Amino acid sequence: MKSNKMMPYVCPSCRTGLKVVRLTCSACGTAVEGGFDLPVLARLDAEDQSFLLSFLKSSGSLKELARQHGVSYPTVRNRLDALIGKVAALETGTVHERREL
Amino acid sequence: MTSMVTSAPESGSQRRRARTWLFNPFHYLAGVRALALGVVCILTTGLVGAWGRSHFDGVLDFHVGASAPVWIFLAEGIIAWLTLSVLLAATGKLVSRTHVRSVDVFGTQALARAPMLLTAIAALLPGYGRFASALMLMQAKLTSWGIPKPHFDVADAAAFGIVILVTLTMLVWMVALMYRAYAVSCNVKGGRAVISFIVALVLAEAASKTTLYVIFRAFVPTA
């Protein structure tokens with residue numbers, strides 16, 4: 001059964017991006033410890049990730065995505081532009097990671 | 001289902017959705033569909049205007065004036081829409097960092113003129129025309145002789161007041177829609193969007209008046 005728990009990616013106290021410290025093999029129990037950065041896409045909030053998945057499933061067609069969600073083409077394109085900006089900022093580390101409420 | 005696209009309809013409430021339809025219909029509607037609907041609104045406004053002698057002779061203009069051939073009323077709306085759309089499309093391509101589709105700019109700007117249809121319908125109130133004519137006669141009397149004193153009726157004055165109120169409301173609504181149309185279709189925000197929109201609007205107002213003047217001088221002998 002799929003868990004509904006969301007992986008936190010920012011510190012609830014100071015809003016700094018979290019790192020992965022421990023990974024465990026679910027089959028044999030082997031654990032690896034270290035300081036691993038989360039991939040950029042994993043650092044996006046749930047809404048952004050959901051949008052990206054929809055974009056992927058519609059073969060990257062903004063028109064199809066707009067049709068599916070009942071919104072206009074420029075609305076979807078502007079949403080994608082904002083996401084591109086967010087990803088670029090995450091890659092260059094120029095944005096303080098935080099979930100938009 | 002619109003939850004993941006923008007924050008506007010996220011609450012899912014009908015009220016918020018209705019507000020978005022009123023003040024930012026371009027969230028849902030743009031491109032060819034907005035263009036078709038907008039052009040129908042502009043042409044209908046022209047036809048209703050021809051019936052009530054309401055001239056929309058400029059991007060932000062509305063006057064009750066002389067009777068004229070129907071094509072003039074239609075041309076006024078089309079020219080007002082085209083001049084602003086051309087300038088906003090050019091401005092958007094200059095200031096926006098994203099790809100701007102001309103069909104979105106022209107379509108959303110056409111739809112943004114829809115409130116003028118309500119103005120044209122309101123101006124059909126019979127008392128409004130009579131009161132406006134009486135006012136024009138009174139103004140003419142100040143500069144010329146031999147014109148009989150115009151008659152002012154209270155009911156006509158009330159109709160005039162209602163139409164002026166509707167006109168002002170529709171004008172504010174139309175400008176708000178024009179700005180939202182520009183912001184959505186060109187993906188511009190903040191001070192850059194406001195300033196570029198105002199500049200384009202002022203230039204478009206001047207350009208539309210000049211274009212209409214040139215056309216009427218060429219095709220209407222008495223203009």
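In this predicted model, helices H2 and H3 of chain A are roughly perpendicular to each other, because angles of 65 to 115 degrees fall in that class. The angle itself is about 110°, and the two axes lie 8 Å apart. H2 of chain A covers residues 62-69, while H3 of chain A covers residues 73-92. The sense of their crossing is right-handed.

On the H2 side of chain A, the contact is made by A:Leu62, A:Lys63, A:Leu65 and A:Ala66. Their partners in H3 of chain A are A:Tyr73, A:Thr75, A:Val76, A:Arg77 and A:Leu80. Sorted by class, the residues of this contact between H2(A) and H3(A) comprise six nonpolar, one polar and two charged.

H3 of chain A also takes part in the meeting of the two chains. The contact draws 16 residues from chain A and 16 residues from chain B. On the side of chain A that touches chain B, the elements giving two or more residues are helix H1 (46-57) and H3 of chain A. H3(A) gives the most to this side, with eight residues. The side of chain A that touches chain B has five nonpolar, seven polar and four charged residues.

How confident is the predictor in chain A? The mean pLDDT of chain A is 86, and 89% of its residues reach 70 or more.

Conventions. Residues numbered from 1 in each chain as written. Chains lettered and ligands numbered in written order. Predicted model: local features only at pLDDT ≥ 70, side-chain atom pairs only at ≥ 80, totals over all residues. Axes fitted to C-alpha atoms, helices over the stretch in contact; angles between N-to-C directions. Helix = DSSP H or I, 4+ residues; strand = E, 2+ residues; numbered from the N terminus. Parallel < 35°, antiparallel > 145°, perpendicular 65-115°, else oblique. Left-handed = near helix turned anticlockwise from the far one by under 90°. Contact = placed C-beta atoms within 7 Å. Nonpolar A, V, L, I, M, F, W, Y, C, P; charged D, E, K, R; others polar. pLDDT = per-residue confidence, 0-100.
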